[in-house]
Amino acid sequence: MTAKTVSLLFLGASSPLMCLAFFVGGPAMEILFALLSAIWPVALIALGVDRRGGLGPLRWVLLALLGLLVASVAGLLAARGGVLDDPWFLGLPLATAIEVYGILLLPLPLISFAYAWTFDRFGLAEDELTELRERFGGNA
Amino acid sequence: MPAVDKPGIILTAAIYLLIVLAIGIWAVRRTKTSKDFFIAGQGIGLLVMALATMSAGFSGFLFIGGPGLTYRLGMASFLISFPISFTAGLLCWTVAKRLRLLAEVRDIYTVPDAILARFRSRTASGLAAVAVVVGTIGYLGAQLQAMGVMVSAIFGLDERLGELALPLAMTAGMIVILVYAVAGGMVAGVYTDVFQGALMIGAAVAVFYYSLEAGGGLGRITRSIIESDAFGPGFFDPLGGVGVFTAMGFFFVFGIGTLGQPHTLHKFFMLDDPRKLKWLPGILAGTQTLVVLIWLGIGLAVPALVATGQLAPLADPDLAAPSFLLGYTPEILAGLVFAGILAAIMSTADSFMNLASAAIVRDIPKALGKTVERELFWGRIAVVVVAVASGVFALLYGDLIALLGTFAYGTFAAALAPAVAIGLNWKRATPQAATASIAIGMVLNFGLEFLAKQTFFPSLPKPPLAAGVLPAAVSMTASFTVFLVVSWWTSRDGDDAVDDDVAAVMAM
């Protein structure tokens, strides 16, 4: 099964589940929605990256991003209501530190670097662009 | 909005407006064809595109509404902006390259153009154009309203002109935008965006420094807020304060919904060399993070100042930014930030004027099987018509426009994200699916948001959603569901559903 198929199956299964959660409500549905939301960006990136059935070295990057986002959201869920009890991290309570570092600051360099690093293989190589222009006339 | 008409602020804002006008006049000579007008001749470099994308994406909300929302909701509000850590990568990996390459093989200037090329469906493309126009009316009207309030406050027009202040301030601001948007089209748009983006970054970094200084450092700010009765520990509890559905709804709608924002996607058509996309995530996410510092700084400093009694509690949370700027930053910096707010509003407004103009002159006629002669001329006329209509609408129906403005983002996200993000990456996605998801996304988001927020018809019911659920999240998930289910239902084996050039782009 390719990464694209897995992504599509995930999106196809999770979107009606999330929709259902919005109408049913309750703590379990909240947790379900939160965790599925954290997986969506990775599933959509995998859908865009998958070429000829594989993710190459980007699979490790996407796994790291998935782990980071899911762990951050799980951490936020676990830390609810405990701001005063939590240990502090770099001037912030744990829940806020997870939000600032786990969701904003850590994924940013990971994604920016991985995109540039793999651009020739999973983005656009010079010869691919030349071939496209030769085959279809090049509008630019 | 209090009057902020200090000499330094007035001077800075006036200089800013003159520079923007000058860029517009300079761009006139570079706008000779409709390609120049709608996609800046597909000739802009990476840094210009990144700054233009950043400044068009961040409206005045970032400077005024963002800190106000933090004052009300605490750290949960940052789940709106923190997904910038991955949205640039998500955009580039999922849609940017393929949108730009479609423009390499065909004359594609807009998102509805791309949908027409991908699905060969005039219905899907026409509906996408209607979604762009509907969303634009709300977005543009709200931006023009906000600009009127800002211009009036900066130049002290309320005290001098009374009730005439807002319409006159809106008109004056709109004339400045129209001069450069009509004459210089997207060439003027992107280069004013570069100036405006640089201004926003400089102002944001400086204000962040002053906000940490005013609050006594991050640790002290945090403790002051936690120990206060007005805010308490719940302020720093991202999911505990407002509930999971709302907080994670922000993350979902603003993280995934970015894939359907036409003013962002439109910029990808303009890049001169597709291979320059290599560095876009780093530059875009980096500049966005710098600008978000202003929201973070003021959003934390003002509650801390209120908590320690240095600032009176705010009657209106949206006064957080003006109160801080006027009380705790040098006048010249406050002037730069107020100019930066005008910049953010104007850059977003001019992008939407151009998009709506393209939808009216190119996309909707194409969907009806017609072509418009003299596209450049009619494009310019359409910009004026769209701006004036939105302005008049905003003045006559201010509350309704404000309401429309708040859910335009969700309308774009629900209507366009599935067709663009999945459609460009999955050959089995069908025209029927695109048509159905665009229609469902647009109608459902409009209906749910209207029912949830309207006060015009008291007898209408509220949507049957769990507490805290964002209507945009519902309409987005429904739209994705419809897109996937209808595609699986209607797809056939074989590649003939996609033209060869489009198939080649999708395979890259």
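Is B:Arg374 buried or exposed? B:Arg374 is exposed, because its relative accessible area is 56%, where exposed means over 50%, buried under 20% and partly exposed in between, with a 1.4 Å probe and protein chains only. The structure discussed here is a predicted model, in which local features need pLDDT of at least 70, side-chain atom pairs count only at pLDDT 80 or more, and totals for chains, interfaces and linings use all residues. Residues are numbered from 1 along each chain as its sequence is written, chains are lettered from A and ligands numbered from 1 in the order in which they are written, and side-chain values use heavy atoms, with hydrogens and water left out.

B:Arg374 belongs to the loop between helix 15 (331-367) and helix 16 of chain B; helices here are DSSP runs of H or I with at least four residues, numbered from the N terminus. The phi angle of B:Arg374 is near 50 degrees, a positive value in a residue other than glycine. B:Arg120 also has a phi near 50 degrees, which is positive although the residue is not glycine. B:Arg120 is placed in the loop between helix 6 (111-119) and helix 7 (122-154) of chain B, and B:Arg120 is partly exposed at 44% relative accessibility.

Within helix 16 (residues 375-396) of chain B lies B:Phe377. With a relative accessible area of 34%, B:Phe377 is partly exposed. The C-alpha atom of B:Phe377 is 9.3 Å from that of B:Thr33, and these two residues are 344 residues apart along the chain. When residues up to four places away in sequence are not counted, B:Ser211 touches B:Ile221, B:Gly297, B:Ile298, B:Ala301 and B:Phe324; contact means heavy atoms within 4.5 Å.

The two chains can be followed through a pair of helices. Two packed helices are described by the angle between their axes and the distance between the axes. The axes of helix 2 (residues 27-49) of chain A and helix 5 (residues 84-105) of chain B come within 9 Å and cross at roughly 30 degrees. Helix 2 of chain A is therefore roughly parallel to helix 5 of chain B. In this contact, residues of helix 2 of chain A including A:Pro41, A:Leu44 and A:Ile45 meet residues of helix 5 of chain B including B:Phe86, B:Leu90 and B:Trp93.

Over all chains, the structure holds 31 aromatic pairs, where rings of Phe, Tyr and Trp (its six-membered ring) pair if their centres lie within 6.5 Å, and planes under 30 degrees apart count as stacked, over 60 as edge-to-face and the rest as tilted. One of them is the tilted pair of A:Phe33 and B:Phe245, with 5.8 Å centre to centre and 40 degrees between the planes. This pair joins two chains, because A:Phe33 lies in helix 2 of chain A and B:Phe245 in helix 11 (residues 244-256) of chain B. A:Phe33 is buried at 0% relative accessible area, and B:Phe245 is buried at 2%. The rings of B:Tyr71 and B:Phe231 form an edge-to-face pair, because their centres are 5.3 Å apart and their planes stand at 80 degrees.

Methods: Axes fitted to C-alpha atoms, helices over the stretch in contact; angles between N-to-C directions. Parallel < 35°, antiparallel > 145°, perpendicular 65-115°, else oblique.
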